[in-house]
Amino acid sequence: MFIANGLLLLQFISYASGVPPLVRVGAIFSNHPGMYNSEMAFRYAIHRLNMDKSLLPETTVDYYIEYVNRFDSFETVQKVCKLIRVGVQAIFSPTDSVLATHINSVCDALDIPNIGRSAHDFSINVYPSQKYVNYAFNDVIQYLNWTRFGILHEKENGILNLHQLSRSFHGEVHMRQVSRGSYLSALNEFKGKEIHNIIIDTNSNGISILLKNVEWKGLTGPIQFKDGQRVQFKLDLIKLKQHSIVKVGEWTPHGHLNITEPSMFFDAGSMNVTLVVITILETPYVMMHYGKNFTGNERFYGFCVDILETISREVGFDYILDLVPDRKYGAKDPETGQWNGMVAQLMKYKADLAVGSMTITYARESVIDFTKPFMNLGISILFKVPASEPTRLFSFMNPLAIEIWLYVLIAYFLVSICIYVVGKLSPLEWKCIHPCDLDNISIGNQFSLTDSFWFTIETLMQQSTDIYPRAMSTRIISSIWGFFSLIIVASYTANLAAFLTTERMINPIENADDLASQTEISYGTLDSGSTMTFFRDSMIETYKKIWRSMDNKKPSAFTTTYEDGIKRVNQGKYAFLMESTMLDYIVQRDCNLTQIGGLLDTKGYGIATPKGSPWRDKISLAILELQERGDIQMLYDKWWKNTDETCTRKNTSKQSKANALGLESIGGVFVVLITGIIAAAIVAFFEFWFKFRYHHKATPTQSVVNNISTKGEILESENTYLQPDRCFWIEIYEELRYASCCMNKQKRPALSRTCSECTIPKGQRIDNTIS
């Protein structure tokens, strides 16, 4: 007690004369175990003095403690000098009078205040004077009209001057000096002498021994002590009603809590109470009608407004709903330590409830209370839907890179030329052209230049050929080229499905790690919200990196409202870190936006109340009941999944399945086919024209007509000369007509000479026998 009084005296001195910002005080305690409680009291007093800024608003008290042997005065003086060297401005003395004398002499010489129990010239005794203590005991004894009593004391020189007290009393006084082991015998002696009134002067440790089964009936029921601690007691639980205090239960050490009036906690009837509720505008949680016809609570609507209205009916209260002045949820300034937003309003008891999309966090829970969460969520990334890669007409070429196509084309030419050269060098590739014509024996190579190119392209296209290599060298080249073609075709076919059946997106980020490791896309979050606090206080390296980037770009990285962040995302090259429930609401209404990655954390929305509010538990029970009944889920579907507001989004969850291919995907194949047909027709025409032009020249040509009998004899032979100036286009027409209609006949039909320039009579035919 003297320590606390001493610190209050120090406070009084500070108000009287002023003290510096830092005051150092010293204390000397005996190393005896009995001084532990005094030391703890001293430390606690200093702590309370520093915590309560109303006592010393501009001063901090620092302390230094030294331990001495209560029988060693020299060590005590040394410890006092040590405290003086560190700059203490006051010293608390021990209770031992011998040591206090030495300490007082040093303090008197240096004019340092000495706060203790013994009085001296420059010391302050905060304990009541001995004579006044004696007066107090005398007054109590006279009032109680004691005629005989006992005195138990442990020390000769204690707080009381016991001998003076006994001399001032004219009745029967029995004094006994006791120790920890003699209390029982002394009490038994007093009991035998029927002494029931006892004055005790003992240390705090002796109290627990003196009181090992004391019991009596008091105002709070039976009072019983065991080992110095009270047992078998009862605590009443009372509830403050509107006009009275009602006992609703009790607590005992053995029976614990027993609620006798549970209806006092869970009454659902109208309580005729109006609460002040603050909120913040946030779609779709809380929105506002701005028309003149809406006043009061009718101005607000939304998901949280519906929940508040339902809870008010369940719990039984009216409310006045209004916006928080600074339009913020509430965050703590790391520099000033001050809170803003709805948290600050609740801390100052300017509102009873805070309703909205307010996240339950550790920092907020330390200064205000939250109900059970009515919605679970997490932080995610809002990003603009990546643009689809435009479908090209020749997208069937995408499975292989352009350089691969070039390498395949080069390999085709090189292998074709290689087969042609090797075929020429190999004797096995040479053979007779007409083996039955013994008069005109001629040999040729089956791998001509054109045939070599044709053989290579047929192998690449996995088609059978009419040319088969005969030499070992050509077979080796053909086998290697066939293996090469197999790998190329198989790789192309396998990759073709992925390119043609899956819509490919240009997505620069997939998760938070991608976001943190790039600089092209900027990102941010809502200012003074739980999301900002999450990144600011996170110990995960990725999230710390994200916070450093946002903090360096402050204030451009933060937005005052969700609408500002969504607008920046739609403009492109910006990702907005926001809570998943709000993100889900946005992406269902704007098909240009999407969610990137999963949830970065898990948390919940709750209704906030001031610390110790009686409404928290009631509202929590109402929330649990609404969740079990499914009312909150129905409200969620009402505000999130309204089909009149949601957009029609292309289902990307089935991209892995085989989808029908459109003309825009494989139309290039048809272009190649049509181009090939046209090219073939043009080449065929030029081949026909070339053959006709150079094999049917308009010069005198001897045509031998051989009539062969069934016996193989030559019956007739004559020479016929064609005229040179026959019409060119008519002959082409006749040849085309023959090629298209008469190509299956053995004989070519005789041409009719209808040209006016022909000298051969009209109707004359020339028969060409095909041998």
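Author: Gladly, with the reminder that this is a predicted model.

Reader: Which residues of α18 are buried?

Author: Within α18, which spans residues 562–571, the buried positions are Tyr 562, Gly 565, Ile 566 and Val 569. Viewed down the axis of α18, these buried residues fall within an arc of 100°, so they line one face of the helix.

Reader: And what is on the other side of α18?

Author: There you find Lys 567 and Gln 571, which are exposed. Just after α18 comes Gly 572, which takes a positive phi of about 95°.

Reader: Switching to charges: how many salt bridges does the count come to?

Author: The count comes to 23 salt bridges. One of them pairs the side chains of Glu 172 and Arg 148, at 3.0 Å from N to O. The two partners belong to distant parts of the chain, with Glu 172 in strand β7 (residues 172–177) and Arg 148 in strand β6 (residues 148–153), 24 residues apart.

Reader: Why do Glu 172 and Arg 148 count as partly exposed?

Author: Partly exposed covers the range between the buried limit of under 20% and the exposed limit of over 50%. Glu 172 has a relative accessibility of 33%, so it counts as partly exposed, and Arg 148, at 24%, also counts as partly exposed.

Reader: Which residue does Lys 193 bridge to?

Author: Lys 193 forms a salt bridge with Glu 189, and the closest N and O atoms of that pair are 3.4 Å apart. Lys 193 is partly exposed at 33% relative accessibility, and Glu 189 is partly exposed with a relative accessible area of 30%.

Reader: What about Arg 616, and how far apart are the closest N and O atoms there?

Author: Arg 616 forms a salt bridge with Asp 369, with the closest N and O atoms 3.7 Å apart. Arg 616 lies in helix α20 (residues 615–629) and Asp 369 in strand β20 (residues 369–370), so the pair ties together parts that are 247 residues apart in sequence.

Reader: Is Asp 369 buried or exposed?

Author: Asp 369 is buried, with a relative accessible area of 6%, whereas Arg 616 counts as partly exposed at 26% relative accessibility.

Reader: Which residues are joined into a network by salt bridges that share partners?

Author: Glu 66, Glu 75, Lys 79 and Lys 82 are joined into one network in that way.

Terms used
Residues are numbered from 1 along each chain as its sequence is written. This is a predicted model: local features need pLDDT of at least 70, side-chain atom pairs count only at pLDDT 80 or more; totals for chains, interfaces and linings use all residues. Side-chain values use heavy atoms; hydrogens and water are left out. Buried means under 20% relative accessible area, exposed over 50%, partly exposed in between (1.4 Å probe, protein chains only). Helices (H or I, at least four residues) and strands (E, at least two) are DSSP runs, numbered from the N terminus. The arc is that of the directions from the helix axis to the C-beta atoms. A salt bridge is a side-chain nitrogen of Lys or Arg within 4 Å of a carboxyl oxygen of Asp or Glu.
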